[in-house]
Amino acid sequence: MKVHEYQAKEILRRYGVPTPRGIVAENADEARAAAKELGGRVVVKAQIHAGGRGKGGGVKLAKDADEAAELTKKMIGMTLVTHQTGPEGRVVRKVLIEEALNIDKELYLGITLDRRIGMPVVMASKQGGMEIEVVAERDPSAIHREPIDGVLGALPFQARAVADALGLTGDAYKKCVDFVQKLMRCYIDMDASLAEINPLLITKEGGVLALDCKMNFDDNALFRHKDVVEMRDLNEEDPLEVEASHFNLNYIKLDGNVGCMVNGAGLAMGTMDIIKLAGGQPANFLDVGGGASAEQVGNAFRIILSDKNVKAILINIFGGIMRCDRIAEGVVSASREVGLPVPVVVRLEGTNVELGKEILAKSGLPLITADGMWDAATKVVAAAQGK
């Protein structure tokens, strides 16, 4: 789960992590009042779940309250397109009015999970304000990585190593050490999967602040954080993904035209790979899970068909915990309910596979059966291409 910048900063402040003063505004009048309260000279920042806002025109400096109001008026309602939103962009519904500070240095500080070692890792770079992926590609040595124990948090010597890597000295060095330790405690306590401060601001007065912040949270731990759940902004999520979550389906919309319904994340990834290998483009990732009911299968089918780009569907099921006859019943029920506007290829293997195939055969529906993944992939790609 993602949250907005202003929400992430609210969480940071609970742990004593310094941030600029800021006020959220939803219209020009609120922005004008906020700017006056913050001293007049402010930064107006569009609030969407994507990076690269500055390059897309979503971050502007205002010299006074009237200009802040004017910039807010232009931003609210605009569709902001960045490299992370895709060409469709995101509609701006709120802005963060934030005090303008005297910038000395812009650095990078982030915490994420390194799955290779099973530990959180602090990443630090002197090249702040840039995407860390770009820095890693151009100069991997420019990124300092500090593995952290997930229970103990960032120990003083580790926080000092980060401050050293950022080239800080004096008072800014001490403040950075404190900053890193508090940020790590926040990351661990809140079950975050990402806490990215880009840029980490060093002011001319020696202050160390989170000028921007992106936080993502582990969905599986949200039951411990009701306050974070309340921060969820459904406007920032794909409508089909939101609907799928209501039925406990793991669905991610993609850009292709071959719909996928699979049980198990690993098989789903393999299915998308083999569709690509066969010359097609998957339209989604959809894992119905190991114990889905016929109703869930029906809902999954309907959600896939809601994507107007889908030209054919591949149902690829390996029946271990999931029985093939249950999948077949769900497919038949959903097909009769919503119809079959596109070709559907079905590949079943495993528990009750013969019964599942019998249910499909007796349904009278024009379903295309397949033996093996490659046979299924070639048939669904051909169907999507109208062959």
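Predicted model: local features only at pLDDT ≥ 70, side-chain atom pairs only at ≥ 80, totals over all residues.
Local features are reported at pLDDT of at least 70 and side-chain atom pairs only at pLDDT 80 or more, whereas totals for chains, interfaces and linings use all residues. Residues are numbered from 1 along each chain as its sequence is written, and side-chain values use heavy atoms, with hydrogens and water left out.

Helices (H or I, at least four residues) and strands (E, at least two) are DSSP runs numbered from the N terminus; two strands are taken to pair if DSSP finds at least two bridges between them. An open, antiparallel sheet is formed by 4 strands in the order S1-S6-S2-S3. Its edges are strand S1 (22-25) and strand S3 (59-62), each of which pairs on one side only. From one strand to the next, the twist averages 25°. Strand S2 (residues 42-46) is joined to S3 by 4 bridges in the antiparallel sense, and Lys 45 has Val 59 of S3 as its bridge partner.

Angles between elements run from 0 to 180 degrees between N-to-C directions, along axes fitted as lines to C-alpha atoms (for helices, over the stretch in contact); contact denotes heavy atoms within 4.5 Å.

Burial is defined as under 20% relative accessible area and exposure as over 50%, with partly exposed residues in between (1.4 Å probe, protein chains only). In H2, the buried residues are Ala 31, Ala 34 and Ala 35. These residues line one face of the helix, because they fall within an arc of 100° when seen down its axis; the arc is that of the directions from the helix axis to the C-beta atoms. They pack against S1, S2, H3 and S6. The face turned away from the buried side carries the exposed residues Asp 29, Lys 36 and Glu 37. At the start of H2, a side-chain oxygen of Asn 27 reaches to within 3.2 Å of the backbone nitrogen of Asp 29. Gly 39, which follows H2, has a positive phi near 110°.

Parallel pairing is found elsewhere in the model. Strand S16 (residues 312-319) is joined by 5 bridges to strand S14 (residues 258-262) and by 7 bridges to strand S17 (residues 344-350). Gly 259 has Ile 313 of S16 as its bridge partner, while Phe 318 stands opposite Glu 349 in S17. Of the 8 residues of S16, 7 are buried.

A nonpolar core is a set of buried Ala, Val, Leu, Ile, Met, Phe, Trp, Tyr and Cys residues joined through side-chain atoms within 4.5 Å. The largest contains 43 residues, of which Leu 12, Leu 109, Phe 179, Ile 197, Met 215 and Phe 217 touch the most other members. Helix H6 (170-189) is among the elements supplying at least two residues and gives the most, with 11. A second, separate core of 32 residues includes Ala 283, Phe 301, Cys 324 and Val 342.

Ser 335 belongs to helix H11 (residues 324-338) and counts as buried at 2% relative accessibility. A polar atom of its side chain lies 2.6 Å from the backbone oxygen of Val 331. Not counting residues up to four places away in sequence, Ser 335 touches Phe 301, Leu 340 and Leu 365.

Note on methods:
Polar contact = N/O pair within 3.5 Å; in protein donor to acceptor, adjacent residues only side chain to side chain.
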